[in-house]
Amino acid sequence: MKEADFRTWLEERRWNGEPLSPKAIYGRIRRIARLERSLIDLGYSTNDLDTVFAEGKLETLRNDIKALTEVGTDAVRPPASLVPQASDPTGQLRNIYAVLRQYEQFALGLAPNGDAETAPDDPEEAYWLVTARNGDIDGFADFIASHRWSLQNEGRYSAAVRAMQPGDRIAMRDYFHQTHDLPFESKGERISAMRIRATGVVTANPQDGLNVAVDWTPLDEPRTWYFYTSNDSVWRLDAGKELADRLIRFAFDGEAQDYAWWLARQP
């Protein structure tokens with residue numbers, strides 16, 4: 001994907017006369033990146049979308065994605081890399097198909113607003129980090145086994161819990177500080193960290209401000225993230241902002257953390 005050029009193209013695109021928000025642009029780029037990671041799983045010889053275009057297989061790819069949206073059964077499941085953990089991936093697939101059409105227009109050199117969008121995208125998925133604690137104990141095993149995440153009491157985080165929507169991405173983590181055995185030089189300073197233990201998709205929200213149903217996937221090995229952290233029980237990541245985007249890619253896409261980039265920004 002020609003990410004920088006596609007981003008510029010999207011910045012010139014309009015919906016109802018208004019420019020796309022940074023979050024909407026980020027969502028479209030992430031969908032194309034997710035599609036690229038899945039190309040080999042879909043039967044293509046490369047995970048480079050531009051190569052697929054150059055080989056004249058664009059129409060085949062479009063038809064493949066469209067067919068997946070129309071299956072409606074478990075007979076043919078899209079690869080998990082394309083729609084991770086989704087029990088009903090139809091909405092995600094339709095959004096991927098829509099943004100693939102936009103990338104096609106970009107790749108063909110067409111104007112960003114050469115077509116008239118007739119309907120908005122489905123709501124953008126949100127990204128949440130939640131604590132693995134359940135009161136004073138480690139609630140990880142119970143949350144995984146019961147396919148849920150919850151607060152014990154209604155309070156400052158209840159509004160955020162009510163804001164979670166089916167299809168939103170969620171990760172469960174521990175918060176801590178680390179001084180020794182860091183994967184970078186800290187000059188003995190105490191560094192804030194989060195240990196990502198599971199990721200999932202919100203599947204239902206009873207709107208009680210306490211509980212959400214989640215399709216969890218525990219990580220085989222927890223992954224530790226440093227610097228940009230929060231100890232809040234519920235933390236909504238501001239997709240479209242660089243710091244949050246880097247954490248999103250680490251937590252949900254398995255991207256490695258660039259320690260040098262973060263160290264250069266420490267006071």
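Tutor: Let us begin with a salt bridge, that is, a side-chain nitrogen of Lys or Arg within 4 Å of a carboxyl oxygen of Asp or Glu. Here the side chains of Asp 232 and Arg 156 form one, at 3.8 Å from N to O. The two residues belong to distant parts of the chain, 76 residues apart. Asp 232 lies in the loop between strand E9 (211-226) and E10, while Arg 156 lies in the loop between E6 and helix H7 (158-163). The model is predicted: local features need pLDDT of at least 70, side-chain atom pairs count only at pLDDT 80 or more, and totals for chains, interfaces and linings use all residues. Residues are numbered from 1 along each chain as its sequence is written, and side-chain values use heavy atoms, with hydrogens and water left out.

Student: Are Asp 232 and Arg 156 buried, partly exposed or exposed?

Tutor: Buried means under 20% relative accessible area, exposed over 50%, and partly exposed in between (1.4 Å probe, protein chains only). Asp 232 is partly exposed, because its relative accessibility is 27%. Arg 156, at 66%, counts as exposed.

Student: How many salt bridges are found in the whole structure?

Tutor: A search finds 15. One of them joins the side chains of Glu 104 and Arg 62, at 3.0 Å from N to O. This pair connects helix H5, which holds Glu 104, with helix H4, which holds Arg 62, across 42 residues. Glu 104 is buried at 13% relative accessibility, and Arg 62 is buried at 16%.

Student: Which residues are linked in a network of salt bridges?

Tutor: The network links Asp 138, Asp 174, Arg 195 and Arg 197. Within it, the closest N and O atoms of Asp 174 and Arg 195 are 3.5 Å apart. Asp 174 is in strand E7 and Arg 195 in strand E8.

Student: How should I read the sheet, and in what order do its strands lie?

Tutor: Two strands pair if DSSP finds at least two bridges between them. Six strands form an open sheet here, in the order E6-E9-E8-E7-E3-E10, with mixed pairing. Strand E6 (148-150) and strand E10 (234-237) are at the edges; each has a single partner strand, so one side of each lacks a neighbour in the sheet. Strands E7 (residues 169-178) and E8 (residues 191-204) run antiparallel and are joined by ten bridges. In one of these bridges, Gln 178 has Ile 191 in E8 as its partner.

Student: Where does Ser 186 lie, and what does it touch?

Tutor: Ser 186 is in the loop between E7 and E8. Contact means heavy atoms within 4.5 Å. Leaving aside residues up to four places away in sequence, Ser 186 touches Thr 179 and Ile 191. Ser 186 is buried, at 11% relative accessible area.

Student: What is a nonpolar core, and how many residues has the largest one?

Tutor: A nonpolar core is a set of buried Ala, Val, Leu, Ile, Met, Phe, Trp, Tyr and Cys residues joined through side-chain atoms within 4.5 Å. The largest has 29 residues, and Phe 6, Leu 35, Leu 61 and Ile 65 have the most contacts inside it. Helices H1 (3-11), H2 (22-38), H3 (49-54), H4 (58-71) and H5 (90-107) each supply at least two of its residues. H5 gives the most, with seven residues. A second, separate core of 25 residues includes Ala 193, Leu 247, Phe 252 and Trp 261.

Technical notes: Helix = DSSP H or I, 4+ residues; strand = E, 2+ residues; numbered from the N terminus.
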